[in-house]
Amino acid sequence: MANEEPSRSLLWPAVLVGIGLAGSLDEIVLHQLLRWHHFYDRGSQAAGLIADGIFHLGSTTALVIGLVLLVQRWRTGPGPLRQAVAGILLGAGGFNLYDGTIQHKLLGLHQVRAGAPNNLPYDLVFIGVAAVMLLAGLLLLRATGSPTAAPGRTVRNRGSG
């Protein structure tokens with residue numbers, strides 16, 4: 001006899017992975033390797049480094065929690081891989097779009113490349129890549145036919161596939 005389980009979508013854990021991945025890559029590449037900006041550029045260098053550390057801790061936490069949830073849900077019944085990839089693209093694109101528009105432009109916490117004579121090219125590339133990722137995630141999600149796992153998906157108690 002089949003038991004019905006609540007929907008165990010891969011989408012939301014994958015979105016969390018995407019947010020954590022985008023934040024971690026931003027921190028590692030733009031903050032540490034290229035040293036283009038800090039999470040908070042309006043204070044001292046020490047304040048910027050502390051803000052970077054807190055931001056990195058948060059993005060790494062989101063990445064780890066998302067990965068744990070994604071693996072747990074995958075083990076209980078693998079969902080469509082497209083759904084997970086769509087979620088990662090949605091999370092990363094949405095995070096970067098928020099970062100580029102709200103934090104960079106509206107709040108002015110930092111720029112993509114602090115101290116550049118013209119930030120417009122950096123802004124256009126950063127926001128453009130974010131928008132492309134978000135759009136790709138939405139299109140891929142649409143191709144899966146549903147934003148969540150199929151409702152009423154049954155799980156068989158026996159080892160039949």
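Phe39, Phe55 and Phe95 form one aromatic cluster. The model is predicted. Across the whole structure there is one salt bridge, and the count of aromatic pairs is three. The largest nonpolar core has six residues, and a second, separate core has five.

**Aromatic pairs**

- Within the cluster of Phe39, Phe55 and Phe95, the rings of Phe39 and Phe55 are stacked, with 5.1 Å from centre to centre and 15° between the planes.
- This pair links distant parts of the chain, since Phe39 sits in the loop between α1 and α2 and Phe55 in helix α2, 16 residues apart.
- Phe39 is partly exposed at 21% relative accessibility, because buried means under 20%; Phe55, at 13%, counts as buried.
- Trp36 and Tyr122 make an edge-to-face pair, their ring centres lying 5.3 Å apart and their planes at 75°.
- Trp36 is also in the loop between α1 and α2, while Tyr122 belongs to helix α4, so this pair ties together parts that are 86 residues apart in sequence.
- Tyr122 counts as partly exposed, with a relative accessibility of 24%.

**Charged residues**

- The salt bridge joins Lys105 to Asp123, and the closest N and O atoms are 2.8 Å apart.
- Lys105 lies in helix α3 (residues 81-106) and Asp123 in helix α4 (residues 120-144), so the bridge links distant parts of the chain, 18 residues apart.
- Lys105 is partly exposed, with a relative accessible area of 43%, whereas Asp123 is buried at 8% relative accessibility.
- Asp99, placed in helix α3, is buried but has no salt bridge.
- The side chain of Asp99 instead has a polar contact with the side chain of His110, at 3.5 Å.
- Beyond its neighbours within four places in sequence, Asp99 is in contact with Asp26, His104, His110 and Phe126.

**Nonpolar cores**

- The largest core is made up of Leu10, Ala14, Val17, Leu63, Leu70 and Ala84.
- Helices α1 (11-33) and α2 (45-76) each supply at least two residues of this core.
- Leu10, one of the core residues, touches Leu70 and Ala84, among others.
- Other residues touched by Leu10 include Arg73, Trp74, Gly79, Pro80 and Gln83, with residues up to four places away in sequence not counted.
- Members of the second, separate core include Leu11, Val15, Leu90 and Leu141.

Conventions: Residues numbered from 1 in each chain as written. Predicted model: local features only at pLDDT ≥ 70, side-chain atom pairs only at ≥ 80, totals over all residues. Heavy atoms only, no water. Salt bridge = Lys/Arg side-chain N within 4 Å of Asp/Glu carboxyl O. Helix = DSSP H or I, 4+ residues; strand = E, 2+ residues; numbered from the N terminus. Buried < 20%, exposed > 50% of the residue type's maximum accessible area, 1.4 Å probe, protein only. Lys, Arg positive; Asp, Glu negative; His and termini not counted. Polar contact = N/O pair within 3.5 Å; in protein donor to acceptor, adjacent residues only side chain to side chain. Contact = heavy atoms within 4.5 Å. Core = buried A, V, L, I, M, F, W, Y, C linked by side-chain atoms within 4.5 Å. Phe/Tyr/Trp six-rings, centres within 6.5 Å; stacked < 30°, edge-to-face > 60°.
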